[in-house]
Amino acid sequence: MTDDENLDPTEAEARAVESRAEAFIGVREARRSEVAEDYVELIAELIHENGEARPVDIATRMGVTAPTVAKTLGRLARDGLITRAKYRSVFLTEEGRALAKECRHRHEIVLRFLLSLGLDPETAERDAEGIEHHVSERTLALFAAFSQRS
């Protein structure tokens, strides 16, 4: 018998409500970090491909305006994830590089998992981009284990 089965109905309901609230808090926190994660991952890709990440290239790849990129880059700089000078390329700090590497790793695990389920590469890539930000470490480990078996 589990602990929840020993609770009276009112306590069990309160615990369920609390658990649901924790889940919503987790989703909101993931959404807040999602933009930063997408940006540092893209900046790392651009630096790898071109030797630099220019704000204009970031805007083009993200499908957003230059002012949106400027505002987001300002936040990333304040958070210590990037360095930049006005009208210059953007570079990742050590912390930014570590976050980009972690995001790329999560993305690859989710992508491999979706492909192992038989999803076509285009859909798998698009879906992995969203899922990678919202999946727990425990679920990510199961995704990795499953796709290694396939």
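Entry 1. I am working from a predicted model.

**Entry 2. Helix 2 and helix 3.** I started with helix 2, residues 55-62, and helix 3, residues 66-78. Their axes come within 9 Å and cross at roughly 110°. Angles of 65 to 115 degrees count as roughly perpendicular, and helix 2 and helix 3 are therefore roughly perpendicular to each other. I noted the crossing of this pair as right-handed. On the helix 2 side I found Pro55, Ile58 and Ala59 in the contact, and on the helix 3 side Ala66, Val69 and Leu73. By class I listed 6 nonpolar residues in this contact, with no polar and no charged ones.

**Entry 3. Helix 4 and helix 5.** Next I looked up helix 4 against helix 5, which pack at an angle of about 140° with their axes 9 Å apart. That angle makes helix 4 oblique to helix 5. The crossing of helix 4 and helix 5 is right-handed. From helix 4, His107, Val110, Leu111, Leu114 and Leu115 take part. They meet Pro121, Ala124, Glu125, Asp127, Ala128, Glu129 and Ile131 in helix 5. I sorted the residues of this contact into 8 nonpolar, 1 polar and 3 charged.

**Entry 4. Helix 4 and helix 6.** I then took helix 4 (residues 94-116) with helix 6 (residues 137-149). The axes of helix 4 and helix 6 come within 9 Å and cross at roughly 50°, which makes helix 4 oblique to helix 6. Helix 4 passes helix 6 in a left-handed crossing. Helix 4 contributes Arg106, Ile109, Val110, Arg112, Phe113 and Ser116 to the contact. Helix 6 contributes Glu137, Leu140, Phe143, Ala144, Phe146 and Ser147. The division by class is 7 nonpolar, 2 polar and 3 charged.

**Entry 5. The largest pocket.** Which residues line the largest pocket? I wrote down Asp38, Glu41, Leu42, Glu45, Arg61, Met62, Arg104, Glu125 and Glu129. The volume of the largest pocket is about 210 Å³. Helix 1 (9-50), helix 2 and helix 5 (121-131) each supply at least two residues of the lining. Helix 1 gives the most, with 4 residues. By class, the lining has 7 charged residues, 2 nonpolar and no polar ones.

**Entry 6. Cross-check.** I looked for residues listed in two places. Glu125 and Glu129 line the largest pocket and are also in the contact of helix 5 with helix 4. Val110 of helix 4 meets helix 5 and is also listed in the contact with helix 6.

Technical notes:
Residues are numbered from 1 along each chain as its sequence is written. This is a predicted model: local features need pLDDT of at least 70, side-chain atom pairs count only at pLDDT 80 or more; totals for chains, interfaces and linings use all residues. Side-chain values use heavy atoms; hydrogens and water are left out. Axes are lines fitted to C-alpha atoms, for helices over the stretch in contact, and angles run from 0 to 180 degrees between N-to-C directions. Angles under 35 degrees count as roughly parallel, over 145 as roughly antiparallel, 65 to 115 as roughly perpendicular and the rest as oblique. A crossing is left-handed if the near helix is turned anticlockwise from the far one by less than a right angle, and right-handed if clockwise. Contact means heavy atoms within 4.5 Å. Ala, Val, Leu, Ile, Met, Phe, Trp, Tyr, Cys and Pro count as nonpolar, Asp, Glu, Lys and Arg as charged, and the others, Gly among them, as polar. On a 1 Å grid over the protein atoms alone, a cavity is a set of points where a 1.4 Å probe fits but cannot get out, and a pocket is an open set with protein on both sides within 12 Å along at least five of seven lines; lining residues have an atom within 4 Å of a point. Grid points are joined across faces, edges and corners, and a volume is the space filled by probe spheres set on the points.
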